[in-house]
Amino acid sequence: MPLYGEEVGLDSVGGVLGLYAGLVLIVRIVGARLPDALGGRVSATIALSCGAVGLTVMAGWRSIPGLVVGTAVFAAGMSLLYPALMLLALTAVPEHERGSVVGTFSSFFDLSQGLGALILGGVAALGGYRGAFAGGAIAAAIGVVFLQVGSGLKARGAAQPAG
């Protein structure tokens, strides 16, 4: 199977990887306060939506500009995902448990990155890179749905009196 860069006519994807890394750094620095300002759920929804859109662009727009645009949108989302999800985790627990939450969340986030790469590698082996990008987009979209459904359930539960 040829590399995705080769499929779209790119000799090397080094520049695209550099774009991804640079944008992640810039967005993390410039947007460091966005999760605090917008809230964890909104920030995570934006991050996952950007991830889904970026991956969809890479799956569907098979060209060098498609790869660059998709990577830029994906990078913007992924740069804010960890801080947004960490904020959600920290605001859901009492202050004395936050140290444990940081360690537990970080461990499971890292685990998800490793397992996700293995799963999408299998998808790429079966369906090519477009299939892996589409699979990642679907996973990100499911994450958005979980955020919305979970916040709706929490809001309904908080509105009802205990007992």
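Mentor: A residue is called buried under 20% relative accessible area, exposed over 50%, and partly exposed in between. Keep in mind that this is a predicted model.

Trainee: Which helices does the pair link?

Mentor: Tyrosine 20 is in helix 2 (residues 14–30) and phenylalanine 74 is in helix 5 (residues 64–91). The two are 54 residues apart, so to speak distant parts of the chain.

Trainee: What about phenylalanine 105 and phenylalanine 109, how is that pair arranged?

Mentor: Tilted, with 5.7 Å centre to centre and 35° between the planes. Both residues lie in helix 6, four residues apart, about one turn of the helix. Ring pairs also bring in Tyr82, giving a cluster of Tyr82, Phe105 and Phe109.

Trainee: Is phenylalanine 109 buried or exposed?

Mentor: Buried, because its relative accessibility is 17%. Phenylalanine 105 is buried as well.

Trainee: What does phenylalanine 109 contact, sequence neighbours within four places aside?

Mentor: Tyr82 and Leu85. Leucine 85 is 24 residues from phenylalanine 109 in sequence, and their C-alpha atoms are 9.4 Å apart.

Trainee: New topic: where does serine 106 lie?

Mentor: In helix 6, which covers residues 98–159. Serine 106 counts as buried because its relative accessibility is 18%. Leaving out neighbours within four places in sequence, serine 106 is in contact with Tyr82 and Met86.

Methods: Residues are numbered from 1 along each chain as its sequence is written. This is a predicted model: local features need pLDDT of at least 70, side-chain atom pairs count only at pLDDT 80 or more; totals for chains, interfaces and linings use all residues. Side-chain values use heavy atoms; hydrogens and water are left out. Buried means under 20% relative accessible area, exposed over 50%, partly exposed in between (1.4 Å probe, protein chains only). Contact means heavy atoms within 4.5 Å. Rings of Phe, Tyr and Trp (its six-membered ring) pair if their centres lie within 6.5 Å; planes under 30 degrees apart count as stacked, over 60 as edge-to-face and the rest as tilted.
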